[in-house]
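Dear colleague,

I am passing on the structure we discussed, and my notes follow below it. Please read them with the model open beside you.

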Amino acid sequence: MKFLKFILAVFDRIAYALVAFLMGAMGVVAFAAVFYRFVLHDPIPWSEEAARYMMAWVTFLGAGYAMGKGRHIGVTMFVEKLPEVLRRKVTFAAEIIIMVFLAAVTVQGIKLMVSLWSQTSPAMDFPMWIPYLAIPVGSVYMFLHLLFLVLSRSSQSLSTADLELEAALKGKEGAGK
């Protein structure tokens, strides 16, 4: 558990820095593209492609970072009306389903990346596996955050159950005297 927490902390720092850098770079590229196209009348042929690939990385890394911070949106209107025990079970089931989905996205992302290994982008002559690498990296990142959440919640509930059991046993011992 500590190792997973450490890995996620490193991943979070890298993702945060990369997202910040890529967002800034996208802004610079977009500004330069507009300036060159409309002021200098000499468009930059690779600008749209570069911005698109940076946006893919920002999206997947940002989604993983948001997962770790609990910032993903969710429809909780119905779940909040459930009794506590059922709410925990529904939340756990949803998290498991999302983890299975992320595992499938990771596998398919790797397959897609491998199938495009020798292809290059049209404007930049950039290897296409690099933009598509964002899919499995982001999916694994989200999966690990969910795994940590599920494991920490289950270990917390186990320790709470142990305390409750211990308190109940002490109560019975005191009642028998």
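How many aromatic pairs does a search of the whole structure find? The search finds 6, where rings of Phe, Tyr and Trp (its six-membered ring) pair if their centres lie within 6.5 Å, and planes under 30 degrees apart count as stacked, over 60 as edge-to-face and the rest as tilted. Tyr 16 and Tyr 65 form a tilted pair, because their ring centres are 5.6 Å apart and their planes stand at 45 degrees. This pair links distant parts of the chain, with Tyr 16 in helix H1 and Tyr 65 in helix H2, 49 residues apart. Tyr 16 counts as exposed at 53% relative accessibility, whereas Tyr 65, at 24%, is partly exposed (buried means under 20% relative accessible area, exposed over 50%, partly exposed in between, with a 1.4 Å probe and protein chains only).

As for the helices (DSSP runs of H or I, at least four residues, numbered from the N terminus), the axes of H1 (residues 2-38) and H2 (residues 47-69) come within 9 Å and cross at roughly 155 degrees. Axes are lines fitted to C-alpha atoms over the stretch in contact, with angles running from 0 to 180 degrees between N-to-C directions. H1 is therefore roughly antiparallel to H2, a label for angles over 145 degrees.

This is a predicted model, in which local features need pLDDT of at least 70 and side-chain atom pairs count only at pLDDT 80 or more, while totals for chains, interfaces and linings use all residues. Residues are numbered from 1 along each chain as its sequence is written, and side-chain values use heavy atoms, with hydrogens and water left out.

Best wishes

Note on methods. Helices (H or I, at least four residues) and strands (E, at least two) are DSSP runs, numbered from the N terminus. Angles under 35 degrees count as roughly parallel, over 145 as roughly antiparallel, 65 to 115 as roughly perpendicular and the rest as oblique.
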